[in-house]
Amino acid sequence: MKIALISEHASPLATLGGVDSGGQNVYVAHLSRQLARRGHKVDVFTRCDDEALPGIVPFDRSVRVIHIPAGPRRHIAKEQLLPYMQEFSLRMANYCSVPTRRYDIVHANFFMSGLVGARLQEELGIPLVITFHALGKVRRLHQREADRFPAARMAIEEQLVRRADRIVAECPQDRDDLIHLYDAAPDKIDVVGCGVDIDELSSVSRSAARSTLGLDDDDFVVLQLGRLVPRKGIDNVIRAIGCLQRDHGIRARLLVVGGESIEPDPIITPEIGRLAAVADAENVRELVTFVGQRARPELRNYYSASDVFITTPWYEPFGITPLESMACGTPVIGAAVGGIKHTVIDEVTGYLVPPKDPAAVAERLARFHRNAELARAFGRAGIRHVRANYTWEQIARQMTEVYASTLRPPRALIHSSSDESAATV
């Protein structure tokens, strides 16, 4: 098949760890690679956000990243991108209308990419598959006034749910939300999660990893890794470190990996300043290290060097980092929300806890501290769990089956002169 993946704000070329660089970037990067290795040709369409970017960048065997000019050629927060989607749609439709550039499938990632995909579906008759990655109604429920996406998002998502040929839910909770909040037809939803590149992320010697990172062998090391934004609940992890010290007499060293720069800077990444204040209030500032942004090849050392990985977001559509931790043999303490409650097997590969409950996190940390063999057993179970269920090869195979189910003879090209707004499908 010839496949167009649209990911308007999350390029596979982006450095991870920033506010707008996270799981979706990983998803698009690895899915495109694995689809290509299954014999398909894949183009990833993303917004051009830098004047210096070439129009087309080879990314992997049979994979290209195509930069679509839409709005200013600079970074724009994804919450402010909707007005530029009409230009994105027009330019991509013009590109794809050339017969030699026609695609068999368009797979939109996120609701704004869905707008672009819907235009291609309407004008060129290309089947539309969509993965929302996050749903506006769920986000608004949890973030309320902190949600800065335009109110039109929910109506757009409702229309896309009706228009898409197939909808990919990333976990059972995502499927339930689509059905109950968006009235999605259950028979056109496929549940396909995310994966881990086990060549990139696998267990290395704990002592070797600690030596590389300059960590003491005797420290009880806790890791938090990912985007530094409030909904990730990193403040909850810091409070748990304080609770662990006060209530259990255990000092743990917390590494916080992520941010907008290699050197941690609260001016560039304001969340660092807020989290540092939480650490001060908990009297654990000397136990919390803000590491800064790190490249993908460095992450296996952070996972492998840690005794426990913690992720306690308020909500999480899927959550790739727990899988990455398990792939490296490190047990997980995760909030029982979204995809995490599906990927982390409670009392087998880690522990599930309520979100915003630092005492519960501290109690689970104390269990691991008291019983290192238990932690190692959970780590081994995590490796088996990921290898059996969550490699990108498996995810690409499942996605190929989704694509195949949508294929249909292309309709005649429809020339449209409509000037519809970016807020309508």
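Visitor: What does buried mean here, and how many of the 425 residues of the chain, in percent, count as buried?
Guide: Buried means under 20% relative accessible area, with exposed over 50% and partly exposed in between, using a 1.4 Å probe and protein chains only. This is a predicted model, where local features need pLDDT of at least 70, side-chain atom pairs count only at pLDDT 80 or more, and totals for chains, interfaces and linings use all residues. Residues are numbered from 1 along each chain as its sequence is written, and side-chain values use heavy atoms, leaving out hydrogens and water. Of the 425 residues, the buried share is 58%.

Visitor: Nice! What share of contacts between residues at least 6 apart in sequence joins residues at least 24 apart?
Guide: Contact means heavy atoms within 4.5 Å. Tyr-403, for one, is in contact with residues including Met-1, Leu-31 and Val-129. For the chain, the share asked for is 69%.

Visitor: And how far apart do the centres of the positive and negative side chains lie?
Guide: Lys and Arg count as positive, Asp and Glu as negative, while His and the chain ends are not counted. Each charge is placed at NZ of Lys, CZ of Arg, CG of Asp or CD of Glu. With 52 positive and 53 negative side chains, the two centres are separated by 3 Å.

Notes:
Lists of a residue's contacts leave out its neighbours within four places in sequence.
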